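User: Got a fold I'd like to walk through. Can you take me over the helix packing and a few residues?

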Amino acid sequence: MTMSDPFRLPRGPLGHLAGWLMARRSSALSEWGVDALQVGGGETALEIGAGPGVGLVLLGRAGAGRVIGIDPSAVMLAQARRRIAASGMDGRIDLREGVAERLPLPDGSVDAILAVNSVPYWDDPARGLAEARRVLRSGGRIVTVLQPQSADEFEREAALEHDRLAAAGFDVLPPLVRPLRPVDACLIAGSVGAAAPRGSRASDRSRAEAGCTS
Ligand SMILES: C[S@@+](CC[C@H](N)C(=O)[O-])C[C@H]1O[C@@H](n2cnc3c(N)ncnc32)[C@H](O)[C@@H]1O
């Protein structure tokens, strides 16, 4: 990944194209993450690095009372705004320009956080995850989903994402693996002082079962 990577900070026509590709590529990943978070009961859900807004709409449909999306890219915010308007959920989804490293939210104000193919793109993942921990209430949940760009990177990136969440002070479960094309995806669930959610189905495997060693 470089600073000119259109998936890192989508800008201009290439950024528009990247957003369109992301929406196609990540909808299955966002569905998995939203299922695992099990939002409901009017909870407040936050997606960090919301990109084209697929996850935000899914969080709204899943029953979150309030959904907040954060992303630094004007191109992504525009795509997300259009997607939210088309979903008819404008009133419940609050889109904000910002970065993970400085979340514009009070301490303990969020019940559930989603980040799909997002953490590795942040300038400072440790600081961003510390911010996520700050804004989550006690008992709140975080789910990150990651589909590395190549199979060679899978084990290293899955382990890194898991270790980053643990280092930020979340109670973290072992990554789950879902076989996907062209590369498997992993889901990491954590919580603040309570049992973490599990987004499992028969075809999901833990990293150990999948042969991940670290
Ligand atoms: C690969 S895209 C994933 C977007 C979306 N989650 C999805 O799966 O379609 C990465 C996203 O992270 C955003 N991003 C980059 N740096 C960020 C930061 N420091 N904090 C929050 N989001 C960031 C980018 O603008 C981009 O929308």
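Predicted model: local features only at pLDDT ≥ 70, side-chain atom pairs only at ≥ 80, totals over all residues.

User: Fine. How many helices and strands does the protein have?

Analyst: Five helices and nine strands. Along the sequence the order is α-β-α-β-α-β-β-α-β-α-β-β-β-β.

User: What share of the residues is buried?

Analyst: Of the 214 residues in the protein, 48% are buried.

User: And the contacts, what percentage join residues at least 24 apart?

Analyst: 69%, counting contacts between residues at least 6 apart in sequence.

User: On to helices. At what angle do H1 and H2 pack?

Analyst: About 35 degrees, with the axes 9 Å apart. The crossing of H1 past H2 is right-handed.

User: Which residues make that contact?

Analyst: H1 brings Ala-23, Ser-26, Ser-27, Ser-30, Glu-31, Gly-33 and Val-34. H2 brings Val-54, Gly-55, Leu-58, Leu-59 and Ala-62. By class, the H1 contact with H2 has six nonpolar, five polar and one charged.

User: Why would residues three or four places apart point the same way?

Analyst: An α-helix has 3.6 residues a turn, so residues at that spacing point the same way.

User: Next pair. How do H2 and H3 pack?

Analyst: H2 covers residues 54-62 and H3 covers residues 74-87. Their axes are 9 Å apart, at an angle of about 30 degrees. H2 is therefore roughly parallel to H3, as angles under 35 degrees count that way. H2 passes H3 in a right-handed crossing.

User: Which residues of H2 and H3 make the contact?

Analyst: From H2, Val-54, Leu-56, Val-57 and Gly-60. From H3, Ala-80, Arg-83, Ile-84 and Ser-87. That contact of H2 with H3 splits into five nonpolar, two polar and one charged.

User: Stay on H3. What span should its residues have, and what do the end C-alpha atoms give?

Analyst: H3 has 14 residues, so at 1.5 Å a residue it should span 20 Å. Its end C-alpha atoms are 20 Å apart, which agrees.

User: Which H3 residues are buried?

Analyst: Val-75, Met-76, Leu-77, Gln-79, Ala-80, Arg-83 and Ile-84. Ala-80, Arg-83 and Ile-84 also belong to the contact with H2.

User: What covers the buried residues of H3?

Analyst: The cover includes helix H1 (12-37), H2, strand E2 (66-71) and E3.

User: Now the last pair. How do H4 and H5 cross?

Analyst: H4 is residues 125-135 and H5 is residues 154-167. Their axes come within 9 Å and cross at roughly 50 degrees. That makes H4 oblique to H5. The crossing is right-handed.

User: Which residues meet there?

Analyst: Pro-125, Ala-126 and Leu-129 of H4 meet Arg-164, Leu-165 and Ala-167 of H5. The contact of H4 with H5 has five nonpolar, no polar and one charged residues.

User: Switching topic. Where is Glu-97?

Analyst: Glu-97 is in strand E3, residues 93-97.

User: Why is Glu-97 called partly exposed?

Analyst: Because 13 other C-beta atoms lie within 10 Å of Glu-97. Buried takes 20 or more, and exposed takes 12 or fewer.

User: Which residues is Glu-97 in contact with, leaving aside neighbours within four places in sequence?

Analyst: Pro-72 and Leu-77. Leu-77 is one of the buried residues of H3.

User: How far is Glu-97 from Asp-71, in sequence and in space?

Analyst: Glu-97 and Asp-71 are 26 residues apart in sequence. In space they are 5.3 Å apart, C-alpha to C-alpha.

Methods:
Residues numbered from 1 in each chain as written. Helix = DSSP H or I, 4+ residues; strand = E, 2+ residues; numbered from the N terminus. Contact = placed C-beta atoms within 7 Å. Axes fitted to C-alpha atoms, helices over the stretch in contact; angles between N-to-C directions. Parallel < 35°, antiparallel > 145°, perpendicular 65-115°, else oblique. Left-handed = near helix turned anticlockwise from the far one by under 90°. Nonpolar A, V, L, I, M, F, W, Y, C, P; charged D, E, K, R; others polar. Expected span 1.5 Å × (residues − 1).
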